[in-house]
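Student: I have a model open and want to go through its packing. Can we start with the terms?

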Amino acid sequence: MGTRTEVLVIGGGSTGCGVVRDLARRGVDTTLVEKGTLTNGTTGRMHGLLHSGGRYAVSDQASARECIEENRVLRDIAGHCVEETGGLFVKRPEDDEEYFQEKLQGCRDCDIPAEVLTGAEAREREPYLAKDVEKAIAVPDAAVDPFRLCVANAVDAENHGARVETHAEVTDLLVEGGEIVGAEVTHESGKGPREHGTPGEVEEIYADHVVNAAGAWAGRIGDHADLDVAVRPSKGVMTVMNTRQVDTVVNRCRPKGDADIIVPHETACILGTTDEEVGDPEDYPEEEWEVDLVIDTLSELVPILQEARTLRSFWGVRPLYEPPGTGTQDPTDITRDYFTLDHEERDAVPGMTSIVGGKLTTYRMMAESITDHVCEKLGVSATCDTADAPLPGSERPGDLEAAMERFGLRSPVARRSAQRLGSRTEDVLASCDPNPVVCSCEGVTRAEVRDAIDDSGTDLNAVRIRTRASMGNCQGGRCAHRMAAELHPEHDEATARAALDELWAERWKGQRHALWGEQLSQAMLNRAIHGATMNRDNDPARTDDAVDWDAFDGGRSDAGEGEVGEEGIHGD
């Protein structure tokens, strides 16, 4: 099976989604392939910080200027994906005063708005800051939802004629006469309503040019054509706390180091992170000491974190790139900048360009850069408009507040729905009557869940990242089964059960690393409820085989009247 496109983009993270949107808006026939769901790799496993640039204002001022520029762009074109939290760089007594002043001057040099606050003024903004915090620099950091951002880019690309194909893994590059002319893709079934290939089906996609935007996996893509793309994956842990202990992004004002940032995100706070180089972006140890480190260290800034409940921990892998000859030993010294690798110029292998490094905040700028490069090769003269064209859902922000009254929902629910849906609020919320709340932790209504199912089919994890249902305090304990129920009657019981199993397994996976004492008891209560009431623990009674009742403990043989003994069990 073979198909043709002008440009094939490999990778459905923020960069790949940004590239396919940019190319499509310039009228280039483009196909994006992603081996999992969108955001399957690094993008879906980050702490959600929209950089102001303050973080790099001392060590890398070029990146700092790019960040503040794109920070402003994303607020304009994707306001429904950004929460205006603001940010603080806080100084404790043991932190260096000279570095504090360098940070302040660096922000001003890079055109980053920066205001010095006393310790008391900082605690007026964030009451749970430690009492010995001496002062802080306020900057325009923000929180960003990477899931909605990528989906919005992909939707806009499709609206302009692109093909976006998930669950399609590149298993080889097609090389003819020393030139890369496309890729061999192996399809998985996927779960959405899209037209996916059948499981195991192999498709050869021929293209005038291939863009390798696979992030930490870019080196593996290069290996298919014996190209050395020196990505150095670096893992970092993020730990999700049960409530928003802070409403502002809190950074430690000191030179680079582990465990120095707290990002408020939706109803939780995300603590980060560590920086450990790994050999394989998919197979690396997830170690408890990393979780302990971020909690213990960040409790020095916000002491209440020591008493808070952790919901879950997850690890992401940075797609760091080291140019040949640099020889950096410490992964924290590797630049966070991005690089465009033209393999025709660099390796005498035409037909493919790789883009590596970078960060989510500058994804649109990276996409513009590589799209300019590809268009020049293809002779396309159309210019980039992605810095000005709003992403789907971000138009008419005034509609968000109006929707609160219009749909008669509790204000917090309507507000959160409107924040998630943007200009689609009215259309989506009007689609269900009645429209009860399915996920009470995150205030997600049936209309939003069904709208996400329309896009994602039976993939409840995809529904989750579109709506945040099951991502709150109970981690799906009270809503996962309700989400699965919304699949009926379009899907049969077995399909709904399988979807619930997969969602539940994903939710539980992230909770295992940081649970102890009462936290463990609460999480186990969730697990027990689902195990006892819906057989999520794979009790033998669920199987189609006859139940071997003799395998169960029959109870004490001397059970008296009124006690549950062997007769009682069999009698039931």
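Tutor: Buried means under 20% relative accessible area, exposed means over 50%, and partly exposed is in between. Keep in mind that this is a predicted model.

Student: OK. Is F339 buried, exposed or partly exposed?

Tutor: F339 has a relative accessible area of 24%, so it counts as partly exposed.

Student: And Y321, buried or exposed?

Tutor: Y321 is at 2% relative accessibility, so it is buried.

Student: How many aromatic pairs are there?

Tutor: The count is one aromatic pair. The ring centres of Y321 and F339 are 5.2 Å apart and the planes stand at 55°, so this pair is tilted.

Student: What about a charge over a ring: what sits over Y56?

Tutor: The charged end of K359 does, at 4.9 Å from the centre of the Y56 ring.

Student: Changing topic. How many residues are in the largest nonpolar core?

Tutor: That core has 49 residues, and I10 and I262 have the most contacts inside it. Helix α7 (residues 288-298) gives the most to this core, with four residues. At least three residues come from each of domain 1 (3-42 + 147-230 + 335-378) and domain 2 (83-143 + 233-318).

Student: What does I262 touch?

Tutor: Leaving out residues up to four places away in sequence, the contacts of I262 include V246, V250, C269, L271, L298 and L305.

Student: What lies apart from that core?

Tutor: Another core, of 25 residues, with V7, A162, V164 and M365 among them.

Student: Now T239. Where is it?

Tutor: T239 is in strand β13 (residues 231-241). Its relative accessibility is 0%, so T239 counts as buried.

Student: What polar contact does its side chain make?

Tutor: The side chain of T239 makes one with the side chain of S313, at 3.0 Å. Among the other residues T239 touches are I270, V291, I295 and R312.

Student: And the whole chain: how many helices and strands?

Tutor: The protein chain has 18 helices and 22 strands. Of its 572 residues, 56% are buried. Of the contacts with a separation of 6 or more, 69% are between residues 24 or more positions apart.

Definitions and conventions: Residues numbered from 1 in each chain as written. Predicted model: local features only at pLDDT ≥ 70, side-chain atom pairs only at ≥ 80, totals over all residues. Heavy atoms only, no water. Core = buried A, V, L, I, M, F, W, Y, C linked by side-chain atoms within 4.5 Å. Buried < 20%, exposed > 50% of the residue type's maximum accessible area, 1.4 Å probe, protein only. Helix = DSSP H or I, 4+ residues; strand = E, 2+ residues; numbered from the N terminus. Domains from an automatic or database assignment. Contact = heavy atoms within 4.5 Å. Phe/Tyr/Trp six-rings, centres within 6.5 Å; stacked < 30°, edge-to-face > 60°. Lys NZ or Arg CZ within 6 Å of the ring centre and 35° of its normal. Polar contact = N/O pair within 3.5 Å; in protein donor to acceptor, adjacent residues only side chain to side chain.
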